[in-house]
Amino acid sequence: MTSIKSLRWLMRKKSGLSDGGKSSFKMKHLPFLAVLCTIMLFIVYRTTKYQYHQEEIDKKWSFWGQPKVYPSTYGKLKGLPRGIIHDNSDLELRPLWSRSSSRSKAVYSNSNLLAVPVGIKQKQNVDAMVQKFLQENFTIILFHYDGNVDGWWNLDWSSKAIHIIARNQTKWWFAKRFLHPDIVSIYDYIFLWDEDLGVEHFSPSRYVEIIKREGLEISQPALDPNSTEIHHRITIRARTKKFHRRVYERRGSTRCSDLSEGPPCTGFVEGMAPVFSQSAWYCTWHLIQNDLVHGWGVDMKLGYCAQGDRTKKVGVVDSEYVFHKGIQTLGGSGHRMTKVSKLQRTTMV
């Protein structure tokens with residue numbers, strides 16, 4: 001009799017009835033628990049992936065790919081959620097009304113910027129310049145130093161440009177106040193040009209292709225040797241080259257050789273037509289003093305912002321060149337005009 005009871009107890013234990021059927025209950029719910037755990041793991045995975053994606057976006061839009069220190073560190077934005085902070089902007093024009101689908105697209109149509117101080121007297125020349133750059137999908141911003149904007153509205157492209165007015169102010173004054181690095185951070189290159197440049201032999205797209213390939217952080221197009229006004233020999237076009245970084249010269253007190261490490265022999269571009277990479281402009285904007293007016297001499301200091309060796313990172317592009325007309329505005333350029341003689345020999349590399 002005892003052996004029969006023991007046998008029943010063993011069978012009951014085997015079937016999970018010894019604990020009142022709890023083990024059987026657990027076994028029945030194992031598939032449910034497995035599904036629940038899978039869902040939870042999926043949620044954790046998606047959340048982690050989203051956070052990683054956001055961090056990558058922050059790095060992408062921060063200068064030099066480094067995460068920025070937000071002002072909230074100092075308590076000024078502590079009331080805002082981390083994900084809602086947008087610490088930069090751009091100069092892209094937005095339509096008043098657009099479909100929700102188009103708003104969701106974070107793709108910028110223009111990746112380069114042309115900024116020019118203009119007066120109505122140079123309207124024809126500026127028109128030719130802007131049309132070339134618009135064809136290459138540039139964002140255009142015009143600084144009107146004479147206060148006349150109405151005279152530009154009859155040009156087809158005028159409504160596509162940004163117009164800023166401040167009477168009797170210079171290019172560097174405008175640039176310091178309206179081209180802050182956080183505003184122009186989406187642009188690969190910033191062209192900060194004067195209004196008196198002829199662009200008949202200049203292609204913006206080919207120019208950008210060259211400076212990207214050669215790693216030129218600061219550059220300028222070469223000047224046509226027949227230009228009205230030339231100040232520095234290194235800016236003259238070398239007919240047989242695509243670009244050059246250095247000039248060899250022995251004239252007066254100027255001695256340019258392989259030993260030269262700075263302006264005007266190497267690592268130099270002139271203030272009339274500089275082109276900056278994004279990182280070089282970030283540095284240059286901080287270099288420009290707030291009370292700078294005409295900018296005389298600032299071109300001698302631009303090499304500090306070359307993001308490396310100025311003798312390699314700064315250059316003049318010969319294959320895409322411009323004609324400098326030397327038209328004096330706002331009281332003159334302040335430079336002594338030098339018409340370089342074709343008889344004087346200069347070598348460029």
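Biologist: What pLDDT does the protein chain average?

Modeller: Residues are numbered from 1 along each chain as its sequence is written. This is a predicted model, where local features need pLDDT of at least 70, side-chain atom pairs count only at pLDDT 80 or more, and totals for chains, interfaces and linings use all residues, while side-chain values use heavy atoms, leaving out hydrogens and water. pLDDT is the predictor's confidence in each residue, from 0 to 100. Here 76% of the residues score at least 70, and the chain average is 81.

Biologist: Which element has the lowest mean pLDDT?

Modeller: Elements are DSSP runs numbered from the N terminus: helices (H or I, at least four residues) and strands (E, at least two). Strand β10 (residues 275-277) has the highest mean, 98. The lowest, 44, belongs to helix α3 (residues 100-103).

Biologist: Which residues of α4 are buried?

Modeller: Helix α4 (residues 123-134) has 12 residues. Buried means under 20% relative accessible area (1.4 Å probe, protein chains only). In α4 that gives Lys123, Asn125, Val126, Asp127, Met129, Val130 and Phe133.

Biologist: And what do those buried residues of α4 pack against?

Modeller: Contact here means heavy atoms within 4.5 Å. The partners are β1 (112-118), β2 (138-144), β4 (189-192), β5 (197-198) and α6 (204-214).

Biologist: Which residues have the most contacts inside the largest nonpolar core?

Modeller: A nonpolar core is a set of buried Ala, Val, Leu, Ile, Met, Phe, Trp, Tyr and Cys residues joined through side-chain atoms within 4.5 Å. The largest one has 33 residues. Those with the most contacts inside it are Leu114, Phe133, Phe191 and Trp193.

Technical notes
Expected span 1.5 Å × (residues − 1). Buried < 20%, exposed > 50% of the residue type's maximum accessible area, 1.4 Å probe, protein only.
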